[in-house]
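The sequence and coordinates are shown first.

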Amino acid sequence: MNTKDKIRFSNLYLKHKNKSIMKKEQVTRSFRIADPVLKQKADELIALIDRDLAEFTDRGYNPTKKTELTTARNTVDSFPSDEQLEAIKIDLTEQKDAARKALEKSMRSIFNAAENVFGQHSAKYKEFGNALISQQSDAELVRIAKIMSLTAEKYLTELSDEGLTADKINTLITQRDTLDIAIDAQAQGISDRDVATEGRVEALNKLYQLLTKYAGIGQDIFYETNEAKYNDYIIHDTPSGLPEAPLVDPI
């Protein structure tokens, strides 16, 4: 490997390394308990600690730590559910699709008028943009619609016999702007969902960490003194929060 190749390899390595450093690791759940069950377990744990406050106070539990625990529970409760976030995204997508459908309809009518007057293979017809609008991306469709509105205004007199009017051109412009806004709203909705989902998982992980911490303390306190209370503090990391049934060997 010559000197130039070494420099090139080194630069590529550093570029890849910097990208790896900048990329944030995806937040994942550190538990298996279903979200509503985790919230319920947190409510139960707070009540249990209040019941056994004397013993927990001896282990350093105080109003500040109780506030930390209740805040963690309330933070989880304040986040929208995955189902709610997905529903918002679906609604924004449906709005965008409806806006696109309306715009495409108006554009097809203008393409048809231009074809009838100028011919499909004429230079003037091609000024209206790519007629294969159903095959274009949302962003590209908005760009073509902008070209079309300007061209339609240019040839309004020639196309008036085909029913084109200034009002129809204004409708086209409004529909184009509506789609443009809907595209941004959908993208923002997806981004908001991702951010909210990540924040929710972080909040759930924090709550689970506190839950297992204080459950462990409760088990330690009552390990040899009170079996019933010891069992109260057992947390099963299963979707239902209940012990998993042991596998039974087939006969």
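## Overall fold

Read along the sequence, the pattern of the chain is α-α-α-α-α-α-α-α-α-α. The model is a predicted one. In total the chain has 10 helices and 0 strands.

Of the 251 residues, 33% count as buried. The chain exposes about 16100 Å², and carbon and sulfur atoms supply 53% of that area. Among contacts with a sequence separation of 6 or more, 75% are between residues 24 or more positions apart.

## Helix H7 against helix H9

Two packed helices are described by the angle between their axes and by the distance between those axes. Helix H7 covers residues 138-154 and helix H9 covers residues 166-222; they pack at an angle of about 160°, with the axes 10 Å apart. Angles over 145 degrees count as roughly antiparallel, so H7 is roughly antiparallel to H9. The crossing of H7 past H9 is left-handed.

On the H7 side, the contact is formed by Asp 138, Ala 139, Leu 141, Val 142, Ala 145, Lys 146, Met 148, Ser 149, Ala 152 and Glu 153. These meet Ile 169, Leu 172, Ile 173, Arg 176, Leu 179, Asp 180 and Ile 183 in H9. By class, the contact of H7 with H9 has 11 nonpolar, 1 polar and 5 charged residues.

## Helix H2 against helix H9

Helix H9 also packs with helix H2, residues 35-51; the axes of H2 and H9 come within 10 Å and cross at roughly 40°. That angle makes H2 oblique to H9. H2 passes H9 in a left-handed crossing.

From H2, the contact draws on Asp 35, Leu 38, Lys 41, Ala 42, Leu 45 and Ile 49. From H9, it draws on Arg 200, Leu 204, Leu 207, Tyr 208, Leu 210, Leu 211, Tyr 214 and Ala 215. Sorted by class, the contact of H2 with H9 has 11 nonpolar, no polar and 3 charged residues.

## Ile 217

Ile 217 lies in helix H9. Its relative accessibility is 16%; buried means under 20%, so Ile 217 counts as buried.

Leaving aside neighbours within four places in sequence, Ile 217 is in contact with Phe 56 and Arg 59. Ile 217 and Tyr 233 are 16 residues apart in sequence, and their C-alpha atoms are 8.5 Å apart in space.

Note on methods
Residues are numbered from 1 along each chain as its sequence is written. This is a predicted model: local features need pLDDT of at least 70, side-chain atom pairs count only at pLDDT 80 or more; totals for chains, interfaces and linings use all residues. Side-chain values use heavy atoms; hydrogens and water are left out. Axes are lines fitted to C-alpha atoms, for helices over the stretch in contact, and angles run from 0 to 180 degrees between N-to-C directions. Helices (H or I, at least four residues) and strands (E, at least two) are DSSP runs, numbered from the N terminus. Angles under 35 degrees count as roughly parallel, over 145 as roughly antiparallel, 65 to 115 as roughly perpendicular and the rest as oblique. A crossing is left-handed if the near helix is turned anticlockwise from the far one by less than a right angle, and right-handed if clockwise. Contact means heavy atoms within 4.5 Å. Ala, Val, Leu, Ile, Met, Phe, Trp, Tyr, Cys and Pro count as nonpolar, Asp, Glu, Lys and Arg as charged, and the others, Gly among them, as polar. Buried means under 20% relative accessible area, exposed over 50%, partly exposed in between (1.4 Å probe, protein chains only). Accessible areas come from the Shrake-Rupley method with a 1.4 Å probe; for residues, only the protein chains shown count as cover.
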